[in-house]
Structure formats: C-alpha cells, structure tokens
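Hi,

Here is the structure I promised to pass on. Have a look at it first, and then read on for what turned up.

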Amino acid sequence: MERTKKNVNLNSIIYALVYGATYLPATLLLKYRVFGQPLSIIIAVIPIITFAIFILKFIKAFSVMDEVKQRVQLEAVVIGFSLTAMLIMLLFLLSLCDISDFGWFGYANLLGFCWIFYFVGWFISKKKYGV
Amino acid sequence: MKNTIKVERAKKNWTQEDLAGEIGISRQSVNSIETGKFIPSTTLALKMAKVFGVSVESIFQLETTD
C-alpha cells in the first residue's frame, strides 16, 4: 500500500517533468518558427496533451495522499488559483483604463506566475500545517 | 482542540513513525496532528483510538475556546 502511494506520487512528479520537457522545447520551436504551420500546430498540441496527462496523474496522487497532505495541496491550489485570477482581473481592468503595456504579463508569463503562485500557496500551507 | 497522542505513544513506546505506519499516514502528518496544527477526520481519529486501544474522547478533548 505504502509502495503504491509512493509510486503514484512519483508518477505525478515524472509527468510534471515530462510536461516541462515538452513545453519548453515546443515554446522555442514555435517562437523561432522552425517548422511550417501544420507541424507547428502539432507541436503546440503536444504540451497540452502532456499537461492533461500530468493533471490526471496529479488527481490520482491526490486521492491516495493522507488527509493532511490533501489539505496542503488543496490550499496550495486555492491560493495559486486565487492569486492568478486576481492578477488576470487586474490586468484586464487596467487594460480598460488604456494601460496595457505590460511587458512581463503576456500569456507565457501568466503561466509562469500561475506556477509561482501555486508554489507560494504550497509553501504557506506546508508552514501552516508543519509538514 | 487538545490531544493526548504523545502520551498514548509514550505508553506504547512508539515513535511518530511507528504510529504513522499503524494508521497509514505520513510521519509529518502525525506530527501535524499531534501538535494540534491539523484536526483529523472522524475516520482517522477512530483509527488512532483503535490502535491505542482507548476511546476517541480520551485522545481528543475540546478546549473552552473551541
């Protein structure tokens, strides 16, 4: 049972790395327009598929975590989601004031901020519950 | 909510790791519950009571502020 839990947790980490390993090269390939449009579309879809697989593995890992760890993950996701939603709202509202020259807040940067906010939430929650 | 997990562990001469193994959670989670940072579910509280051979009420008690 314990080994199964560890394997499931390890699986979610491995798929997170696989997602990272497909996302970064795909970004570079698409940015520098190495291939034609049909192949570029396929390259753009690959990280989405690996991310979807990672999310499925993460949900499976969540289901075998003990309740303290589940609470930590839940709070991390809630904090990460809330902060990202607040940032997007702020950017949208500022754009309505004709202030939209945000060099650091493009789609790619927002994704990075989303991950940073999740890890901030994770850190806060881990400190709170002492795990 | 206060608890007597540390006392019960001492009676059985168990480490947090031992208790964690008995009830199927991690050592860090046992520590979190023991220090009162996390209030366990009824299921987990019942599991603890079972492995210690005592009632749930004798492990977990409400404080006046609860």
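Let me start in chain B, where the side chains of Arg9(B) and Glu34(B) meet in a salt bridge, with 2.7 Å from N to O. Arg9(B) sits in helix H1 of chain B and Glu34(B) in helix H3 (residues 27–34) of that chain, so this pair ties together parts that are 25 residues apart in sequence. Both partners are buried, Arg9(B) as well as Glu34(B). Before you read too much into any of this, bear in mind that the model is predicted.

How many salt bridges does the structure hold over all chains? The count is three, so let me go through the other two, since side chains of opposite charge can pair when their charged atoms come close.

Chain B has another one, between Lys11(B) and Glu8(B), and there the closest N and O atoms are 3.4 Å apart. These two are three residues apart in helix H1 (residues 5–12) of chain B, which means about one helical turn separates them.

Over in chain A, Glu75(A) forms a salt bridge with Lys128(A), and the closest N and O atoms are 3.2 Å apart. This pair links distant parts of the chain, as Glu75(A) belongs to helix H3 of chain A and Lys128(A) to helix H4 of chain A, 53 residues apart. Is Glu75(A) buried or exposed? Its relative accessible area is 18%, so Glu75(A) is buried, given that the cut-off is under 20%. Lys128(A), at 47% relative accessibility, counts as partly exposed.

Now the contact between the chains. Ten residues of chain A and 13 residues of chain B take part in it. About 950 Å² is buried between chain A and chain B, and carbon and sulfur atoms give 53% of that. On the chain A side, the residues that lose the most area to chain B are Glu67(A), Val68(A) and Tyr129(A), which together make up 46% of what that side buries.

What about polar links across this interface? The rule finds zero salt bridges between chain A and chain B, but four residue pairs in polar contact, both residues of each at pLDDT 80 or more. Helix H3 (67–96) and helix H4 (107–129) of chain A each supply at least two residues of the side that touches chain B. The largest share of that side comes from H3(A), with four residues. By class, the side of chain A that touches chain B divides into three nonpolar residues, one polar and six charged.

Chain A also has an interface within itself. Its domain assignment gives domain 1 (1–64) and domain 2 (66–131), and the centres of these two domains, taken over C-alpha atoms, are separated by 20 Å. Eight residues of domain 1 of chain A are in contact with eight residues of domain 2 of chain A. Between them the two domains of chain A bury about 620 Å², with 68% of it on carbon and sulfur atoms.

Which elements give two or more residues to the side of domain 1 of chain A that touches domain 2 of chain A? They are helix H1 (2–31) and helix H2 (37–64) of chain A. H2(A) gives the most to that side, with six residues. Seven nonpolar residues and one polar residue make up the side of domain 1 of chain A that touches domain 2 of chain A, with no charged residues there. The count of salt bridges between the two domains of chain A is zero, and the rule finds one residue pair in polar contact across their interface, both residues being at pLDDT 80 or more.

Thr50(A) is buried, with a relative accessible area of 11%. Leaving out residues up to four places away in sequence, Thr50(A) touches Val18(A), Tyr19(A) and Thr22(A). With Thr22(A) there is also a polar contact, side chain to side chain, at 2.9 Å from Thr50(A).

Cheers

Conventions: Residues numbered from 1 in each chain as written. Chains lettered and ligands numbered in written order. Predicted model: local features only at pLDDT ≥ 70, side-chain atom pairs only at ≥ 80, totals over all residues. Heavy atoms only, no water. Domains from an automatic or database assignment. Contact = heavy atoms within 4.5 Å. Buried area = accessible area lost by both parts, 1.4 Å probe. Salt bridge = Lys/Arg side-chain N within 4 Å of Asp/Glu carboxyl O. Polar contact = N/O pair within 3.5 Å; in protein donor to acceptor, adjacent residues only side chain to side chain. Nonpolar A, V, L, I, M, F, W, Y, C, P; charged D, E, K, R; others polar. Buried < 20%, exposed > 50% of the residue type's maximum accessible area, 1.4 Å probe, protein only.
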